[in-house]
Each structure stands twice: as structure tokens, then as C-alpha cells.
Amino acid sequence: MSDTSLKHLAIIMDGNGRWAKERGLKRTKGHEKGAETIRDITTYCANHPTIETVTFYAFSTENWKRPKLEVEFLMKLLDRYLKNELSTYQEQKVRFKAIGNIGALSKPLQKRIAQTEELTKTNTKLIQVLALNYGARAEITTAVNQLIAEGKKSVAEEDISSALQTPYADIDLLIRTSGEERLSNFLLWQLSYSEFHFTPTLWPDFTASELDDIIKDFKQRSRRFGGA
Ligand code: IPE
Ligand code: IPE
Ligand code: MG
């Protein structure tokens, strides 16, 4: 079997810090520029004929280890991004969803996330998922605990899939920028049969045109899903 239609794209946005360092700037400048890239790539995806969902890794459960000032900046940037982005979401008919341990974020940020989800919930061209305070092991552990709480003695794969926070199609293509070739605890369950693409481009330099080339390459691949 070969299915190269692209419905769910996932992206590990990496390299903001290195982008800034190369220019003698503070890491935060790289994050600011990276937020602009999210907008460009989301617009591309909203206008793509087959992409239904794009999931961006924005903040991992491990990213709390960063200096306090950087973490604070990232949280403020996220709030600003969601506020400024609302008009783009509405114009492009993009529905916004957050995954991850949202309850551990600040109350104002939680409110902004809930409001943005609510205001965009009838948009149908694309679902943009932001993984915030997300870790795949935490997501799977929470799902299993939920199933136990429901009284399940044993679970099927479908039970776990539907208890996860991600009720979206499995990921067809994963891209990681910045040359690192690892998953960093992203979507372990949903990536079982994904195609992977690693590019040396740093996230702030990533463009819709490079994405277009990556998708062309993806379409040439033979996805067998274990078949002959
Ligand atoms: C990705 O860029 C953004 C986040 C993880 C929040 P980095 O900040 O990891 O950039 P590098 O890897 O240090 O260059
Ligand atoms: C992964 O990037 C997390 C996000 C992109 C949000 P990191 O830069 O945190 O990953 P490592 O530390 O290089 O594995
Ligand atoms: Mg990094």
C-alpha cells in the first residue's frame, strides 16, 4: 500500500537560539522571528489542498529547564502571538487548538488559549495545533491513567489512541529544522508510521517554498505500512 496524501503535518521548530546567536542577537530575537515563520507556514497549510491539520511543537515539558527569563519571554510571546493572530485565524479560516499540560500555564495564558479555541472553533480550512508544555510520555501516561480511572482492566490500541489529547489523524510527515535528528519527546504514539524529514535550515529561516519542496519529496516516497 502506498498512501502519499498529506493530511497531518507535524513540525519540530528548532534553531531559534542559534539563528539569533549567528547574528549576535539575544535568543529572544530568534523566538520573535520564529513566531513569524509559524504564521507563514500556517497560511501555506491553510491554502494547501490536502493538509487538514498542522501541529507545531512550541514548548516541551523539558523546556522549563531554560533560564527563567527565556521561559518568561516565551510565555509572553505566546500570549502576544495568539492575540495578534486572531485576525489571521479568522481570515484564513483556521481553527486553533492547544495540546499539552495547559493547566500548568499561567491563568491569563490559559484564558487566552481557551478564548482563541472558542473564537475559532467553527473555522474549517485547517486545524492549527500548538503543543505547549507538551511531552509525549506525559500524554500517554495521562491517557493510561484516565483509562484506569474509567475502570478498564486491559486496554486496546484504540482505547489509548482515543484517550490521547490528539484526536487527529496519524501524522503523515514530520519535519524538524536546525539539523538535529531526534524527537525530543514529541508525539511518540502518533508518529509510528510517519515519514521524517530533517533540514539544516534554522526555524526563523524556514519558508513556505522549502516546505513546498519537502512535500514534493514526500509525495515520491513509498509508504508501505508494513505491507509488501
Ligand atoms: C526552538 O528553538 C524553540 C523552542 C524550543 C522554544 P531553540 O530555542 O531550541 O533554538 P536552539 O536549538 O537553541 O538553536
Ligand atoms: C524541542 O526542541 C522542543 C521544541 C521545539 C518546542 P529543543 O531545542 O528543546 O530540543 P533538544 O533539547 O535539542 O532535544
Ligand atoms: Mg533547540
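These are my notebook entries on the two ligand sites of a predicted model.

Local features need pLDDT of at least 70, side-chain atom pairs count only at pLDDT 80 or more, and totals for chains, interfaces and linings use all residues. Residues are numbered from 1 along each chain as written, chains are lettered from A and ligands numbered from 1 in written order, and side-chain values use heavy atoms, without hydrogens and water.

**Ligand 1.** I listed the shell, taking residues with a heavy atom within 4 Å. It includes M13, D14, R27, H31 and L74. By class I count three nonpolar, five polar and four charged residues; Gly counts as polar. Helix α1 (16-22) gives the largest share, three residues.

Next I checked polar contacts (N or O pairs within 3.5 Å). A polar side-chain atom of D14 lies 2.8 Å from a ligand 1 oxygen. For the side chain of R18 I also read 2.8 Å to an oxygen of ligand 1. The protein buries 86% of the 380 Å² that ligand 1 exposes alone (Shrake-Rupley, 1.4 Å probe).

**Ligand 2.** I looked up this shell too; among its residues are I12, Y57, F59, R182 and S184. Strand β2 (residues 53-60) supplies the largest share, four residues. The classes are five nonpolar, three polar and four charged.

The side chain of N63 has an N or O atom 2.8 Å from a ligand 2 oxygen. For R66 I read 3.3 Å from a side-chain N or O atom to an oxygen of ligand 2. R176 places a polar side-chain atom 3.3 Å from a ligand 2 oxygen. Alone, ligand 2 exposes 390 Å², of which the protein buries 77%.

Note on methods:
Polar contact = N/O pair within 3.5 Å; in protein donor to acceptor, adjacent residues only side chain to side chain. Helix = DSSP H or I, 4+ residues; strand = E, 2+ residues; numbered from the N terminus.
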